[in-house]
Each structure stands twice: as C-alpha cells, then as structure tokens.
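I am opening a notebook on a structure that is new to me.

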Amino acid sequence: MLRAGSVVTCIACRNLLPSRMGVKFRVPLQKLHPLSRAIHHRYTANNNPQRPPHCSAARHYTSLSRLPMRPPKSRSGGHGYQQHRSFWVARLAARLLKLRYILLGSAVGGGYTAKKTYDEWKDMFPDMSQYTWIVPDFVWELSENIDLDKLASALPELEDLAKLLPDMEKIGENFTFLKSLLSSGLGSEVNGASGLRLLLETTGESTLRATDIPPTSAAMSDSSEKQFKKSSDKEKVDQLQEELLRTQLKYQRMLERLEKENKELRKVVLQKDDKGIHQRKVKKSLIDLYSEVLDILSDYDSNYNTQDHLPRVVVVGDQSAGKTSVLEMIAQARIFPRGSGEMMTRSPVKVTLSEGPHHVAMFKDSTREFDLGKEADLAALRHEIEIRMRKSVKEGQTVSPETISLSVKGPGIQRMVLVDLPGVISTVTTGMAADTKETIFSISKAYMQNPNAIILCIQDGSVDAERSIVTDLVSQMDPQGKRTIFVLTKVDLAEKNLASPSRIQQIVEGKLFPMKALGYFAVVTGKGSSNESIDSIKDYEEDFFQSSRLLRDGMLKAHQVTTKNLSLAVSDCFWKMVRESVEQQADAFKASRFNLETEWKNNYPRLRELDRNELFEKAKNEILDEVISLSQVTPKHWESILQKKLWERVSTHVIENIYLPAAQTTNSGTFNTTVDIKLKQWTDKQLPHKALEVAWETLQEEFARFMAEYKEKDQDDIFEKLKEAVKDESIKRHKWNERAMDSLRVIQHNALEDRSITDKSQWDAAIQFMEETLQSRLKDTDSVIADMVGPDWKQRWMSWTNRTPEQHIRNETKNELEHLLKLHEDHTAYLANDEVTTVRKNLEGRGVEVDPVLIKDTWHQLYRRHFLQKALLHCNLCRRGFYYYQRHFVDSELECNDVVLFWRIQRMLAITANTLRQQLTNKEVRRLEKNVKEVLEDFGEDTEKKVQLITGRRVQLAEDLKKVREIQEKLEAFIEALHKEK
C-alpha cells in the first residue's frame, strides 16, 4: 500500500485513476486485475451501499492480508479534471504497463524465494552417498537372483511420498514475508513483499507525496501501524519457527520409516544370503576382519615392542555416568549387567558391532549365540558377562585389565569397535582394594594414550559439572580434542533440575569444561529403570527432544541430539581414523617381521620355527612314548627291584621289633609264639601299606629313569621343566587301587603263616639271606658306634684328628659297658636302673660326668652289635641244620628257629613282589599313562602354564614371528577389503 495525496488506496488503482484528475468517469472494476480489485475494495469506503466490498478475495494472500486498516478519505470529485483530460489515455496506458512489471516482479521474487527455501531444505538432508558402504557388496548382485520388480512394487508410490512433502508455496510466502520484515525500516515507502518494494522504488514516475495527508491523520495512522506491525511480526516469527520444527520432525519421521523399511529389506536379503542363494562362501565382513586383528594384538602387544596404535572407540566416564547405557543404545540391546550405584564394569569389554540378519551376540572364545530378541538369552548374556568379569579379577583386587571380547550383530547396527572401561572413581569405598582408583586410572590411560583411539567421553548431565573427574583425564590424554567426542547424558534430568538451561548450552558448546572435542552430543538413555526396552527408551528420547525447550529455543541443534545421531557420528569418525592409520600400522609390523626373521636365521639356522604350542605337542608325544616304555620292563626286573626296595624299607622293623625281642626268650616255643604275634600285628597294620608305597615309588623311579634316558638322547633342554612338572603332577594325582591293599594283606598273611622248608636249597637260601642281612646290620651298627666314640688311636695318629669332649665321654662309657658285657654275655637287651647307676659312678670315679640317657643310648648300640655278632655265629652253625629241622630238632641241642623266621620273611618278600608286579603291569602302568594324558591335556589348555614351563629365547622368538606374520596377513586382508569398499 502507499501513503499518497488525499487518498489511501492500492498503487494499482491510484495509478489507474489519480485523485487530481477530477474525472467522474471510472474504469469498470471488473476489468482490473483480481489482485488490484481485491486490494482496492479492501481499503475503500463503501459509498455505494448497494455493492458490498470484496474483502474476502484478499485473504488468500497471507503476505498482504494483515496490513493495518486505515480510514478512507472521501473522494474529491472533479478536482483537476480539466487540466488533464487530454492526457488520461496516455496515463492509463503507462499505468497498465507498470502493473505488468509489478506482477512480473512479484512472480520472479516469489519464485526465487521458493527456490532458495527448497535448496535450504534439501541441504538439511544428509548426503546418503557417504553411506553406500552400509550395503554389502553382494546386495549389488541381487538382480541376478532376486526379482527386484516385486521388491520395487512393495515400496510406497510417488503420490504417497508427495503427500509427505511440505507446501512449498506456503513456505515461500512465509519466508518472503519474514525477509521483508527483517529488511524493511520505518522510513520505507513500501511495507509489503520485498520484490514489490524493489520494483516500485526503481520506477521512473514520481510517487505521491505524504505531505498531502493531514498531519494529525498521518501521525495516528503511523502509530497504529507500528503497534500492529510489532505484534504481527512476533506472531509471524513464532508461527514460522513452529512450522520449521514441525517440518523437520516430519522429515525425521519419514527418514526413520524409510530406514525401518530398508532394514527389513536388508534383513530379508541377508537371510536369503545365509541360506546360500548365491551358492558361494560368504566372506567375513570388514569389521570382523578388523576385530580379529585387534584380538590378536591384545595378546601380542604385551610381549614385544611394536605398539598397538589401531583405532578403537574408548568409552570413558565417571562411575554411574551412563557409559554402559550409551553403549547399549548404540548396540540396540541391553547386554550389560546393571546395578544402582554399584561398580558393574570390572574389566574392559571390547564390543565389535556389525550388521547381520539376526540380532545376536557371541563371545570370542565361544560358539554359543545369544538371541538378543529373547529376554531369556539377554539375561543369560548379562550373567555370563558378570561371571567372566569376576573370574578375570584376581584375588584381593577389584578391577582387572584383562579384556572380554564380545561381538554384536544385527540389522542396521553401525560398524565399529568399542571398549567399555570401568568407571572412574574419586574415592575407594569399603570392600574395594586399596589400589582400585589407581588401577582404573592406569587402565584408562593405557587405552586413551593410543594416538588413534577415539575417546567417547561420557558426562552425567544431572550432576554438577564441577564434580566431574573424567574430563580432566581426557584433557590430559587429548589436549587439542582431535579425537574426543563429548556426550552429555541424562539431559531430561538436567533440564528439570538446573535453574538455568543455558548451562546445558554452555556444556554442549564446549565452554564449560576445560577440554576440547570434535563434537558434542546430548542424549537421553531412559528413565533409569533396568526393565526398560531399547524401543521404549528411543521413544522416550524422541518425545523428550520434541517437547524440550532446549531444541525449540535453539540451545541445541538437531544434529547434536539422540543416540542415533551419536552412533552415526562415532562410526564416521572411527572409519575415518581407521583409513588414515591402518596402512602405517601395517608397515610397522612388516619391519618387525623382517627384524625377527633376521634374528632367527642368525641364531637358529638349522631349527624349525616351532612356537610354544607346537613345542608342547612335540613334548607331549615324547612323554607318552616314555610312559609306554614302562610296559616293556620285564617281570624279573620289576620283582627284583620291588623285593630289594621292600626289604630295605622293612628290615629295621624286622630286626628291631620282631627278631631281637623274640631272641630274648628262653626256649623255641616262646620264640615262635612271639614271632607269630609280632608278624600278625605287622601284617595287619603296616606291611601292606609299606608294600604299596614301595611299589608306587618304584613306578616313579622307573618312569623318571626312562625320561632321563630320553633326555640323554635329546640334548634340547626346552622340555626339562615341562617333563618334570608332568611327572610330579601325574604322581600327585595317581592313587593306588584301594582293593589292592586288602588282597595284598591276605596274600602276605598266608605267606608268613607257612613255616615249611621243603628242600635243602631253600634252607641254604634262607641262611644266605639271614647272613647278608645280619652282616649289613652289623656293619651299619659299627659305623654308628665309630661316629659316637670318634677316631681310634690309628686314625688320630694318621689323620691328626682328636675326639670331641662328647666323643671322649662316649668312648669312656663304651669301654665301661663293654666290660659289663664281657662279664654277662647273656645280658638282656635293656640295662637295669642299678646297672646304670653303677656305670655312672664308675665313670665319675675316673672323672667323667655322664648322663643316664647317654649311657642307655650307648648301651643300645653296643648290645645290638653284641647280638648281631652272636646271631652270625649261630647262623654259621645252622648251615648243617636242615637235617635237624626235618626232624623238628628232636634229640638235638641246635635250634634254628631264627633261620625259619628269615625264610618266612624271604618268601613273603618274593610273593609280595610278584603280586605288586602283576598290579603294576596290569593296572597301575595304564592308570599312570591315563593320568599323564590328563595332565598333558590340562597343561595344554592352560596358556599360563605353558608359558611358565616352556621358556627360552628360541621359544619367544618363534612366538613373536608367528604373531607378527598372522597380524600382517590379517592387516593386509583388511586393507585389501577396505580398498575394495572404497
């Protein structure tokens, strides 16, 4: 509209019929343009009551329909008509031409504004060409095996999609009006569309001046116009902002619906591919190849100098800040154990996210798949993760650096590798180890100091920012913020609790914390209930941000909210970092491989590169061969060894507890009775157990002997520790059959009951056995006495040695006791108290102070020697006593009952050795072989045990070579697949 002359009217109508012309003739209103006609009648007085004004037509044009109402001025008919009557035709033609330019300018300006608005909305959509990698290679081959026409028919029609598009004409009008409001001023002559104002100001005709309006009327109309325009502008801005938000949400819903349909189609395609419709082997996905490389590096990096600088997303945050919840939203499943305020993440958890037809999870070292769509499998998965965490924590510790590797697959999941770390704490509470805080810091720093690791810093938005610990730690590891993404959780609680919502804006703009980041995100991960599903959390998050003033007032941008946008951003950053660093890491391992191969060639040129597992298998075969060799031992050898060892074990008991007490008797009947009783007691309580001990020790010694023989053949000492450990553990586990002891007891008892010596050869054998035993015992006794009394005069003279004071006392005591034995050759085995006193007094008379205990101890050894000497003399006399034995020693002064005793012992030893040999060869050797196999299998499954037992530079070098080659091959395969995807 224009303010001109004495009339307020439309510029089109005023140019057609100026007030100065004073002509009573009027152009018919029906011949005017509809826009001009509508505007003219909108603001013209209704002088003709028979014709109502056409006001409704102007309401269809929103940019002009709310201009302020002005009181029309009465027309002055006939003023200046005579002066201009000859030029009205020319002026009419000029005004008609001007109307054409006005309409043309309006069309051009409106079209340009609509096109610009359309381009702005188009730029708001993400570039979907960057996400072509989401679709696997085989999808592009589907045209050969899948009817794409049927799939295309299932997609929505263009008409349905067109209904979802915004009304571009209405948006263009709104934007045109907004632009005119922002660009116009109080002194402007035009208050309408910007295109109209521009064309009107450039016309060559002089506009009607405002001086023709009365001052009072002009001031009133300016005041009312300003007030109405101010309120109208604010309403328009609010309406336009709400319209923009609604349009954006409409596009968001449309994208989500299309993504959901695309996910379903991809799921169908992947399921068909799993069923083998391509009849080819499905290759591993790119992220699976990358995850395998990381798994190998996690075991290798601690053993060699080549650092693991491959990217992964490290999730760090204060305890209970929502780290696990964010990771679960990215993985689209509630897979982690949960606790209110309690430390649940006790060790790093590496989660490999990839796309697949089914939503499943699987551990690296297990073949079981957990269906994440079933609550029972989810509960089992959470329980398994908790068990693995607790097992990884050593006794006395709270957290563990040992990594638990888990893979999660499902439709639409972004591909990346994340590591969930234990939450950073400020105080060690009751029940925690004293070094828990320092251990968590060291674990977090170990992962974050990787220059290619992406740090996902999680901050709880519901607590004061000043209480944050993790931000200082992150700023130390990444001062420039080149690989950090900041995530503010629990924004719903933050908006409710904070008095100033602008504080949230400061956080997401990076102005509050002393750290820098690549991007800032605000998310909501549920209402805090552990029973919420992922879908319900997504709905709650979307509803919150739709109604939140943070987004409506512009404090947060649309791309900074929701975990979905966060997941896309993290995935993009992860793959960008992977592409930039993986080839450099591959070159480093290539150089390491060359160095290791050179060292092997120089130090072990004639040996194969056997790693620890291969060496263990070689040692395992050798040990089993040695065990099998036990079955080749002859029965004669077994019995000889067993009989000899058994007699060495029981000979002292036979001499001291059976033969010596029985020899103190006065007649043969008492001797035999005493012997029978002693043998029965010995057989019932000790003899079978001693025999089994001897058999088991013999088996061990033979086993060790065969292993030593193999060791002499093979000079490689790598297996020495392993063989010794296998032998000890096998012996420790081996237990003799309990039934064998009962049967052995019966056999031994029957053998000792038999007193019949059938021929002279058996008698001579018993004599020889008795003589050898007595001579051996006598020799041992003489040696003990010599040690007690010290060197004799020859040794002192030849060796220049002297007796100790104790030996001198012992020697004096020995001389006194020998004198007593000469006087009483048939003395009993024990000294009487008065005899002890007599000996002590005699020694005191010679100036030797002696203790009664020493006297008795010396007497025991002297009497044993005296007894053994007498027994040997008696044994020689009994060599010709077999004839008297057959006659039961009737009419003979010679009694050889002691020979019969030794024959019974000798026969029992032979029968026991034979019985033990049968048990060894028939059962125990096989059981030992079985035990050895079990021990080897247990050691084979225990990696730490193998590292402990198979050591040496050669082993370590072979291990490093194997690892480096495997890593290099995996990296090359991954890089090749990465280039193909590009």
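Is Glu386 buried, partly exposed or exposed? I note at the start that the model is predicted. I looked up Glu386 and read a relative accessibility of 27%. Buried means under 20% and exposed means over 50%, so Glu386 falls in between and counts as partly exposed.

Entry on the partner of Glu386. I found that Glu386 forms a salt bridge with Arg390, and the closest N and O atoms are 3.4 Å apart. I checked Arg390 too: its relative accessible area is 47%, so Arg390 is partly exposed. Both residues belong to helix 12 (residues 375-392), and because they are 4 residues apart, about one helical turn separates them.

Entry on helix 28. I looked up a salt bridge between the side chains of Glu818 and Lys814, with 3.3 Å from N to O. Helix 28 (residues 805-823) holds both Glu818 and Lys814, 4 residues apart, or about one turn of the helix. Glu818 has a relative accessible area of 23% and is partly exposed. Lys814, at 12% relative accessibility, counts as buried.

Which residue forms a salt bridge with Lys490? I found Asp460, with the closest N and O atoms 3.3 Å apart. This pair links distant parts of the chain, 30 residues apart: Lys490 sits in the loop between strand 8 (484-489) and helix 15 (491-497), and Asp460 sits in strand 7. I read 24% relative accessibility for Lys490, which counts as partly exposed. Asp460 is at 10% and counts as buried.

Entry on the salt bridges as a set. I noted a total of 44 salt bridges in the structure. One network of salt bridges links Arg593, Glu597, Glu609 and Arg965. As a reminder to myself, side chains of opposite charge can pair when their charged atoms come close.

Entry on strand 1. In strand 7, Ile458 is the bridge partner of Gly317. I also looked up strand 6 (residues 416-420), which pairs with strand 1 in the parallel sense over 3 bridges. There, Val419 is the bridge partner of Val314.

Why is strand 1 largely enclosed by the rest of the structure? I counted 5 of the 5 residues of strand 1 (residues 313-317) as buried, so the strand is largely enclosed. Val313, Val315 and Gly317 point one way, Val314 and Val316 point the other way, and all are buried.

Methods: Residues numbered from 1 in each chain as written. Predicted model: local features only at pLDDT ≥ 70, side-chain atom pairs only at ≥ 80, totals over all residues. Heavy atoms only, no water. Buried < 20%, exposed > 50% of the residue type's maximum accessible area, 1.4 Å probe, protein only. Helix = DSSP H or I, 4+ residues; strand = E, 2+ residues; numbered from the N terminus. Pairing = 2+ DSSP bridges. Salt bridge = Lys/Arg side-chain N within 4 Å of Asp/Glu carboxyl O.
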